[in-house]
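Here is a briefing on one protein chain.

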Amino acid sequence: AKASVSYGSRARGFELSFVEPYLLGQRLALGLNLFHKEQTSSQYTSYTTKTTGGSIRLGIPVTDNLTAQVQYQAYRQEIKLPLALNNCNNLAPDGVSTFPTPGAAGGIIDPTTGLPFATNCYADGEASLAVRRELAQGAVFVSAPGLALTFNTLNQNKNPTGGILAEVKQDYAGLGGDVKFIRTTADFRHYYEVTSELINVVRLQAGHITGWGGRNVRMLDHFSGGPNLVRGFQPSGFGPRDLTPFGRQDPLGGTIYWAATLEFQSPLGFIPKDIGLRAAIFADAGQLWNYDGPTTFPTTGEVISPLADSKLIRSSVGVGLIWDSPFGPLRFDIAYALSKEPYDRKQLFRFGGGTRF
């Protein structure tokens, strides 16, 4: 059983979970989970998300190394946006003069088309129309059964030095609820002991999400590109982005991604091993593209223009410090982005928990 509460400047919430590893005396693991998560607006995103729900899962061993898990998850999700980012007051950037009403002639000229923008809602920095359409939709209920397969040959789950950990997941939203999508993700990690002091780690990730039943993918269901894929970038720091002039340049996310990591870890020879410090050097690369959410807002006549959706491979190199602290594993990374788009957001330093980056 586990209970956790978090309260920070950007994330807060609670989680309650329980696992019965031998259900009815059999090798079946039954898990229950209740959670509430709130991600507040920040320099990375202009909106706040609130998600409340729970899940039930059943783990079934297939072989000694292969486990299947069936799951059902249900949650309610909504976003909030400051009024200043959703007021559409048609003020020009000087804050005094006004532009014509949506759809009228005149106003700011789109440098791409040479024509006036359909609306001037962005004139004083409104959030992306994709964000405001999510806000207008109100809270949604997501009902999603899922399946996962996990292959594990690690020699130890904490600080492994050899073996493979591979997992494939698929969620099928649409068993009731307001959202319909099929989401598939894969995560592969290989640990290899080059020497007794040097561990090589290779990680590969990929994912795809698509709507069904005539539905596009909601903006909030898109994958985000950041240090979870390529270190050296802020959360939601790369991938499709709304670059409409005078807007917030909000990240929109993508429906397809892949990422690859090559890393070497080694203890610090001048520090006693029982302190639990290790150094790492790494190289990351990945892509995130194919935004499939709304690009128009009929209520205001807006169109996302331009929509940046580049297939450029983002890459980075860096060094890290891993500490098996009394409070759990902690990790500090410094990463330098090698390839990026001009509108991407970089992040030199990153701190987080967990050793498996």
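Of the 357 residues in the chain, 43% are buried, meaning under 20% relative accessible area with a 1.4 Å probe, protein chains only; exposed is over 50%, and partly exposed lies in between. This is a predicted model: local features need pLDDT of at least 70, side-chain atom pairs count only at pLDDT 80 or more, and totals for chains, interfaces and linings use all residues. Residues are numbered from 1 along each chain as its sequence is written, and side-chain values use heavy atoms, leaving out hydrogens and water.

**Overall build**
- The chain has 1 helix and 18 strands, taken as DSSP runs (helices H or I, at least four residues; strands E, at least two) numbered from the N terminus.
- Take contacts (heavy atoms within 4.5 Å) between residues at least 6 apart in sequence: 62% join residues at least 24 apart.

**Confidence**
- Mean pLDDT, the predictor's confidence in each residue from 0 to 100, is 89 for the chain, and 89% of residues reach 70 or more.
- Residues 90-108 fall below 50 in pLDDT, and this stretch has 40 contacts in the model beyond near neighbours in sequence.
- Residues 115-119 are also below 50, with 19 contacts beyond near neighbours in sequence.

**Gly254**
- Gly254 sits in the loop between strand 10 (241-242) and strand 11 (256-267).
- Gly254 counts as buried because its relative accessibility is 0%.
- Leaving aside residues up to four places away in sequence, Gly254 touches His222, Phe223, Pro240, Leu288, Trp289, Asn290 and Tyr291.
- Asp292 is 38 residues from Gly254 along the chain, yet their C-alpha atoms are 7.1 Å apart.
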